[in-house]
Amino acid sequence: MGTRRLLLALAVAAVLIALSLLLGRFGAYLVRAVAIAGIGALSLNLLIGYCGQISFAQGALLGVGAYVAGNLGNAGVDGVLALLGAGVATAAIGALIGLPALRLRGLYFAIATLAAQAILEYLFKMLEPFTGGVSGLVIRQPAFFGVPVASDQVSAAVSVLVLLIAWLALTRLTRTNLGRAFLVVRESEVVAKGMGIDVARTKAWAFAISGFVAGIAGGLIGFAARLASPEAFTLDLSADYIAMIIVGGLGSWAGPLVGAAFVVLLPEAIQRVGEAFDIANLLSALRELAFGLLIILFLIFEPRGLSSLLPRLRWAQPRRRGAAPSLGEPGGAAVATKGGERP
Amino acid sequence: MALTAQNVTIRFGGVVAVNGMALDAAPGEIVGLIGPNGAGKTTFVNCICGTYRPNAGTALWLGRELLGLSPHALLKLGVARTFQNVASLHDLTVLDIAKLGAAARGDAGSARSGGFFGSEKALEAELTETLLRPLYLADVAHTPIQTLPYGRRKAADLARALAAQPQLLLLDEPVAGLTSQEGMAMAAVIRGVRDRFGCAVIMVEHKMDVVMSTCDRIAVMAAGSKIFEGLPDAVQSDPEVRRVYLGEPG
């Protein structure tokens, strides 16, 4: 990664952390919600946007993270260790969910993840000693490095910090051999195999790493809500996360963050508009509809996502370089090609 | 002989695509594999490099059986291939493609690894100097592969195969789809690769001028079997080869 991007990320995070400490409770709540959704969306983007494995089980994986972190925190484990524990446990579950991907592809695998989502939701309700059953698990106020997180402002700052770490780690990951292998597996498993990439191993890593990050996001959700209940981690949540990475733009790293902000803030914005014009009841009924409509409009008019709008807003940016010259002759000038397919 | 393939046979249902095919290749030798469409040339290459699992036959490489091994196991043994059709891989640059090849070799050396920590500058410089520059790709090292014309994408695919430092290189129609000028440049590159790395090269190709000027030895396939093997000059005068593939003069 370029030093400039790193500095930019640090600056944005510093501003957000400072803001969240200064904001009122509601502002801090929004920053935290966006940051946590951003971490979850980054995790799903690695799996879907980079490795091409469509998963509808993200909601349940976030749930696993929340339950594990909640139980560890309630047992007196420090918040940082509880989050890491949630990450490791969710990575294991994620890898398990990924097992069918060794046999199934594309939409068939997506259906298998639907089954995983349903099974995990069932387990959330049934494993009462661990999950508190239908009524859920009450989570005590966490302490990070022994310092209790008393206010929403501090927990928002913690979430932004974790988001920054996740973002740096995942963008770095895509510059490694494994990250490049993800991209090839996404494009074609046949090509990846022919290139000597161990497809099964690459997919397993994608599920485990994505699961690890999802577990941490889930842990943060649990710590923020002080409650983990089965209703919080349903298929609806999985759909929200898929919407985030599609609205933001698949396979980019700014996309999931933009998408997370969009999906989290849009219902709030619709609510505000409704209150302003005294039509709150009407709009809240139409909220889901408006949300769905906006996503469909995005898919039609901006299929590459919100993040593809960002470069276009920078008018100073030079256009992409023209077609590069073709394979040169030894010692001679480059020769032109039609660049076409073979006859 | 470094590679000794014998009696390689593969059936797809009732179709015998490759039937008792035999081929040898020695280090530093470029062996051409020609024949009409559907003769089984690419299928034979796919059998050797692990894409297909043949029904019968052996392919010994430095005393080890290759048939049945997966492509990534073969790369670790020094067997690499290029593809007839180059996949357009979104977002990956030419240098990324070369790094994929270097990674496939599975070298544990820390300076070469594309791991999570540490810089890739040393690896990038090495790949650029030893592979991309000889293949005329150095100026587009950081260009996404899908924006490049076909000829350069094929060169990038060759760079990927070479980055694995193969001792046996299988080229599937390296010149197909290129202009004749590009084709001659690619042929020169292939000879240069052989001279520099001393690897055995098996090359499936249709363009006869390239085959004649590049290969040390030529095998001709038709209907899944080898019908001729010999020096380039002898191929052109063989009556059977003329009948099934080259066509009678006049």
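Reader: Which residue stands opposite Ala80(B) in E7(B)?

Author: Ala80(B) faces Leu169(B) in E7(B). This is a predicted model, in which local features need pLDDT of at least 70, side-chain atom pairs count only at pLDDT 80 or more, and totals for chains, interfaces and linings use all residues. Residues are numbered from 1 along each chain as its sequence is written, while chains are lettered from A and ligands numbered from 1 in the order in which they are written.

Reader: How many bridges join E6(B) to strand E7 of chain B?

Author: Two strands pair if DSSP finds at least two bridges between them; strands (E, at least two residues) and helices (H or I, at least four) are DSSP runs, numbered from the N terminus. Here 3 bridges join E6(B) to strand E7 (residues 168-172) of chain B, and the two run parallel.

Reader: What is the order of the open sheet of 6 strands in chain B, and which are its edge strands?

Author: The order is E6-E7-E8-E3-E9-E10 (chain B), with mixed pairing. Strand E6 (79-81) and strand E10 (225-230) of chain B are the edge strands, each pairing on one side only. On average, neighbouring strands of this sheet are turned by 20° against each other, direction ignored.

Reader: Which helices of chain B pack on the sheet?

Author: Contact between two residues requires C-beta atoms, placed from the backbone, within 7 Å. Axes are lines fitted to C-alpha atoms, for helices over the stretch in contact, and angles run from 0 to 180 degrees between N-to-C directions. Helix H1 (residues 41-48) of chain B touches strand E3 (30-34), E6, E7, strand E8 (200-204) and strand E9 (217-222) of chain B, and its direction makes about 150° with that of E7(B). Helix H9 (residues 239-246) of chain B touches E3, E9 and E10 of chain B, and the direction of H9 makes about 125° with that of E10(B).

Reader: Which strands stand at the edges of the open sheet of 4 strands in chain B, and why is one side of each left without a neighbour?

Author: That sheet has the order E2-E1-E4-E5 (chain B), with antiparallel pairing. Strand E2 (15-25) and strand E5 (64-65) of chain B stand at the edges; each has a single partner strand, so one side of each lacks a neighbour in the sheet. Strand E1 (residues 3-12) of chain B is joined to E2(B) by 7 bridges, running antiparallel. Ala5(B) stands opposite Leu23(B) in E2(B).

Reader: At what angle do helix H8 and helix H10 of chain A pack?

Author: Two packed helices are described by the angle between their axes and the distance between the axes. Helix H8 (residues 177-187) and helix H10 (residues 199-225) of chain A pack at about 110°, with axes 10 Å apart. That makes H8(A) roughly perpendicular to H10(A); angles of 65 to 115 degrees count as such, under 35 as roughly parallel, over 145 as roughly antiparallel and the rest as oblique.

Reader: Which residues in H8(A) meet H10(A)?

Author: Leu178(A), Ala181(A), Phe182(A) and Val185(A) in H8(A) meet Val199(A), Thr202(A), Lys203(A), Trp205(A) and Ala206(A) in H10(A). By class, this contact has 7 nonpolar, 1 polar and 1 charged residues. Ala, Val, Leu, Ile, Met, Phe, Trp, Tyr, Cys and Pro count as nonpolar, Asp, Glu, Lys and Arg as charged, and the others, Gly among them, as polar.

Reader: How many helices and strands does chain A have?

Author: The secondary structure of chain A comes to 14 helices and 4 strands.
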